[in-house]
Amino acid sequence: MGFYLNPGNKGFWESIRSKIYVDKTNVIACTNMLINTKEKFICVSRPRRFGKSMTLETLAAYYSCGCDSAALFKGKKIEKDSTFQEHLNRYDVVFLNMQQFLSEAAPGKITDYLAQEVLKDLRKEYGEILNGHDIGLTAALREIYVETGRQFIFLIDEWDCVMRERQEAEELQRHYLDFLRNLLKDQPYVALAYMTGILPIKKYGSHSALNMFFEYSMTDQKELEEYTGFTEDEVKELCARFEMDFQETGSWYDGYRFKKFQHVYNPRSVVEAMHCRDFAGYWASTETYEALKVYMDMDFDGLRADIVQMLGGGRVRLNTRSFQNDMHTFKTRDDVLTLLIHLGYLAYDSVSKETFIPNKEIMGEFETAMSVSGWTEIMRVLQASERLLEDTLAGDEEKVAEGLDKAHAEVASILTYNDENSLGCAIGLAYYSARKDYLLIREFPAGRGFADIVFLPLPSSCKPALVIELKYDRTADTAIRQIKERKYAQALEGYSGDILLVGINYDRENRNKPHSCVIEKAEIQ
């Protein structure tokens with residue numbers, strides 16, 4: 001074993017010995033299917049702390065020759081797969097952490113340093129073939145393949161760190177991408193190449209230096225969806241084991257959505273919450289809010305309104321295809337929002353082509369970034385939201401209407417009321433502080449239709465549920481009547497506490513008091 005060549009199974013051994021280990025070994029079945037096929041080049045981009053490195057350690061333990069990992073995989077899911085024995089510890093694995101090379105190499109010499117270090121390991125293992133030859137890395141790998149017939153599996157962690165941390169060094173980036181292309185493309189010694197990063201593949205002009213790679217990104221993880229984070233069943237099992245409430249765990253860390261798996265949880269945060277027996281912003285604490293603030297402050301038409309709409313519980317439709325796959329080339333607000341999806345600050349529904357803020361943890365990051373970014377109007381609305389909720393729970397219709405008038409005046413220059421949907425986003429923003437004690441659900445399936453907004457109390461809360469119906473140029477009484485006639489309150493299946501019905505109307509013609517409100521306690525029959 002070497003440091004870069006066949007690094008062994010210690011990383012995987014440490015993972016399975018940890019207090020919390022979620023078995024994701026079936027990802028190996030996916031990669032086994034791709035070995036020595038035209039699809040053998042995989043680039044998996046996910047946000048930081050979403051288990052990318054752990055997956056690489058799992059793959060290294062499974063594929064690396066020179067070690068016996070059968071005992072470590074005993075009882076794991078992959079052991080039952082028909083391909084398990086076929087590929088177990090059968091390949092030379094080259095494991096490269098690009099962040100390490102970028103940190104240790106002399107400026108502009110990352111590829112030279114990488115080649116030098118990997119060649120040291122190769123000479124130790126294949127000295128009889130390589131000694132006496134002044135040979136480069138690619139030529140050395142070819143020579144080994146010709147002489148022995150052995151193929152290599154390349155595992156490359158944080159492939160995009162050069163793109164992220166040397167954003168202005170375009171010549172360095174091109175040289176780096178050319179190096180990777182020459183190392184991997186059309187080389188018979190490559191059985192599989194699996195790269196991880198935050199960003200998808202960087203494109204230059206009309207072509208990509210790494211166009212042989214198939215991308216698995218946060219906009220489409222394909223067959224790797226369930227390995228992107230924790231699934232609903234996995235989190236339920238952890239909550240039962242650590243006696244943590246599943247619903248509240250979801251409000252904090254759920255929200256990443258894919259085609260098949262509709263509930264994917266942030267794995268880092270779930271693990272920390274189980275360890276600490278407490279809910280907090282664990283993932284967000286690993287990076288300063290400044291990273292988010294930079295992109296929120298970009299001056300693109302519609303960007304501020306989109307963020308406000310999502311803070312209110314709404315969704316924003318966007319085109320992800322114009323994104324240039326870097327962190328500094330932005331032409332539209334869609335480019336900024338797409339980057340925030342890749343960074344994990346937004347979730348994406350690939351079916352509806354909409355983006356949204358996934359959970360309470362991420363909402364806290366947006367709030368922190370806004371507090372230091374000059375979003376003074378929005379911050380005033382958020383700060384007043386606690387009072388608005390108290391007035392609602394007290395049934396004070398006049399004060400609720402007055403509070404909504406003030407909130408609307410603050411956001412009118414950013415978010416315009418065009419219909420009941422935009423009104424719903426504004427109301428969701430006005431009740432922002434309720435997210436501490438409630439799960440906000442827009443368009444809640446209820447009775448004969450959909451309730452506009454439902455605030456469902458979290459288990460830790462003793463507050464009543466709120467069923468809110470919105471009207472535009474109608475009356476608040478009409479809204480209440482619709483809640484009753486369509487039996488929205490009866491649809492809160494499994495909920496046994498009190499329910500308040502809240503009807504809100506916005507009247508464009510009444511400029512002094514545009515909002516009206518009616519609040520009643522539900523009578524469930």
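In the predicted model, Asp-92 touches Leu-5, Asn-6, Cys-65, Tyr-126, Arg-150, Gln-151, Phe-152 and Ile-153, when residues up to four places away in sequence are not counted. Asp-92 itself belongs to strand 2, which covers residues 92-97. With a relative accessible area of 1%, Asp-92 falls under the 20% limit and is therefore classed as buried.

The nonpolar interior was examined next. In soluble globular proteins, nonpolar side chains tend to be buried together. The largest nonpolar core of the model comprises 77 residues, and the members that touch the most other members are Leu-311, Phe-366, Ile-378, Tyr-431, Phe-455 and Ile-468. Another core lies apart from this one; it contains 48 residues, including Leu-5, Ile-156, Leu-177 and Ala-193. For Phe-366, the contacts beyond four places in sequence are with Leu-292, Met-296, Ile-307, Leu-311, Tyr-345, Leu-346 and Ile-357. Among these contacts of Phe-366 is Leu-311, which is itself listed with Phe-366 among the members of the largest core that touch the most others.

Rolling a probe the size of a water molecule over the atoms shows where empty space is left. Two cavities of 30 Å³ or more were found. At least two lining residues come from each of helix 19 (397-411) and helix 20 (420-430). By class, nine residues of this lining are nonpolar and one is polar, while none is charged.

The second largest cavity holds about 30 Å³ of space. Met-218, Tyr-256, Arg-257, Phe-258, Ile-341, Leu-346, Ala-347 and Tyr-348 form its lining. This lining includes seven nonpolar residues and one charged residue, with no polar residues. Leu-346, which contributes to the lining of the second largest cavity, is also among the residues that Phe-366 touches.

Definitions and conventions. Residues are numbered from 1 along each chain as its sequence is written. This is a predicted model: local features need pLDDT of at least 70, side-chain atom pairs count only at pLDDT 80 or more; totals for chains, interfaces and linings use all residues. Side-chain values use heavy atoms; hydrogens and water are left out. On a 1 Å grid over the protein atoms alone, a cavity is a set of points where a 1.4 Å probe fits but cannot get out, and a pocket is an open set with protein on both sides within 12 Å along at least five of seven lines; lining residues have an atom within 4 Å of a point. Grid points are joined across faces, edges and corners, and a volume is the space filled by probe spheres set on the points. Helices (H or I, at least four residues) and strands (E, at least two) are DSSP runs, numbered from the N terminus. Ala, Val, Leu, Ile, Met, Phe, Trp, Tyr, Cys and Pro count as nonpolar, Asp, Glu, Lys and Arg as charged, and the others, Gly among them, as polar. Buried means under 20% relative accessible area, exposed over 50%, partly exposed in between (1.4 Å probe, protein chains only). Contact means heavy atoms within 4.5 Å. A nonpolar core is a set of buried Ala, Val, Leu, Ile, Met, Phe, Trp, Tyr and Cys residues joined through side-chain atoms within 4.5 Å.
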